[in-house]
2 protein chains.
Amino acid sequence: MTRLLLATRNEKKLVELRRILEAADVTGVEVIGLADVPPFPEAPETGATFEDNALAKAVDAARATGLPAVADDSGIAVDALNGMPGVLSARWSGKHGDDQANLDLLLGQLADVPDERRGGAFVAAAALVLPDGSETVVRGEWRGTIIREARGRNGFGYDPIFVPEGETRTSAELSAEEKDADSHRGRALRKLLPELRKLAG
Amino acid sequence: MTRLLLATRNEKKLVELRRILEAADVTGVEVIGLADVPPFPEAPETGATFEDNALAKAVDAARATGLPAVADDSGIAVDALNGMPGVLSARWSGKHGDDQANLDLLLGQLADVPDERRGGAFVAAAALVLPDGSETVVRGEWRGTIIREARGRNGFGYDPIFVPEGETRTSAELSAEEKDADSHRGRALRKLLPELRKLAG
């Protein structure tokens, strides 16, 4: 078994990557998280792009552990805000991690923006860094519309105000399985499959 | 005397335009404001650009009064926010016109953004619409840096956290005269001088 470090403490992300590998018949890779390795100093996420942040996290994790490492960074890019909140999605309201404040602020900023200009996308970058230092960085996008009132209790972050293209439900009204099948993170991680398959081999 | 309507209720803006005309030796134009004409319905500022908003205001004012009309729209465009707050500058915190909340939010969003990525610009668009329907739209920009703590008591909006290029003071520490000489609004309005000169003649 090749151990692959996913640079996260989020158990749901570990399960998601394991499920994606299994669905693609990639066997022989054991996905572990930051809780499974000795602690190391983690750099703050202050890059200008999702790709910068994902790569920096994966590089740190691979260097600190000697393991192949995957990391991701994601957020919402709103057309009427020129692609912001973007890398600042988690701290859009000025403090980090207050989902409700971030969502309320975004709705307030967009209050006067007409329906035809409320497009946007969830965006995720995923990076894979191997022990030999080689790097792969990919991006997944999930286009949709920012609605005017939150709906749904699944997911997190901006899920309750995002209706994916082709859907009438918000991403907070989709099941975890439905969301995984289409989501920005799922799309990005699946783009890493060719490289991850080599690891297994 | 040709009357020129500046579509504003802000007495400081009227004084500013009068001073710019006087400095350019444009005589024979009397600048009046919205308080000097019968009320007419004003469209909300929901355009995607400063130019859209300035032009919409000037068109409304010229149509309603039959006078040549000037209007402006302005805000701050921060590089690390892909040019936002932009047209949403006055309602960045989600409610309209709370300067302190808008400024505090911007500082919070930029807290982790390093010094070398804190550039930005004050931007103003100004539009002139003549009774014959002809339109001129111009833009003025004032580049600078977004600092980390507010300084100064002059001006309004984001002035206390903006240090113009070539300055060590914030634009809230400049005198009104110093600010006018360089500011985005002054630059935009002066670009209208050739057209305004024709009005006088």
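Predicted model: local features only at pLDDT ≥ 70, side-chain atom pairs only at ≥ 80, totals over all residues.
In chain B, six strands come together as an open sheet, and reading across it gives the order β2-β1-β3-β4-β5-β6. The pairing in this sheet is mixed. At the edges sit β2 (29-32) and β6 (162-164) of chain B, each of which pairs on one side only. From one strand to the next, the twist averages 35°.

Zooming in on one pair, β3(B) runs antiparallel to β4 (residues 119-129) of chain B, and ten bridges link the two. As for individual residues, B:V78 has B:G120 in β4(B) as its bridge partner. A helix comes into the picture here too: α5(B) lies across β3, β4 and β5 (135-146) of chain B. Relative to β5(B), α5(B) runs at about 155°.

Both β3 and α5 turn up again at the second largest pocket. This pocket holds about 990 Å³ of space. Chain B elements giving two or more residues to its lining are α2 (50-65), β3 (69-78), α3 (99-109) and α5 (184-191). In total, 38 residues line the pocket, and those nearest its centre are B:K13, B:E45, B:D73, B:A90 and B:H96. What is the make-up of the lining in nonpolar, polar and charged residues? It splits into twelve nonpolar, twelve polar and 14 charged residues.

Note on methods:
Residues numbered from 1 in each chain as written. Chains lettered and ligands numbered in written order. Heavy atoms only, no water. 1 Å grid on protein atoms, 1.4 Å probe; cavity = no way out; pocket = protein on both sides within 12 Å on 5 of 7 lines; lining within 4 Å. Points joined across faces, edges and corners; volume = space filled by probe spheres on them. Helix = DSSP H or I, 4+ residues; strand = E, 2+ residues; numbered from the N terminus. Nonpolar A, V, L, I, M, F, W, Y, C, P; charged D, E, K, R; others polar. Pairing = 2+ DSSP bridges. Axes fitted to C-alpha atoms, helices over the stretch in contact; angles between N-to-C directions. Contact = heavy atoms within 4.5 Å.
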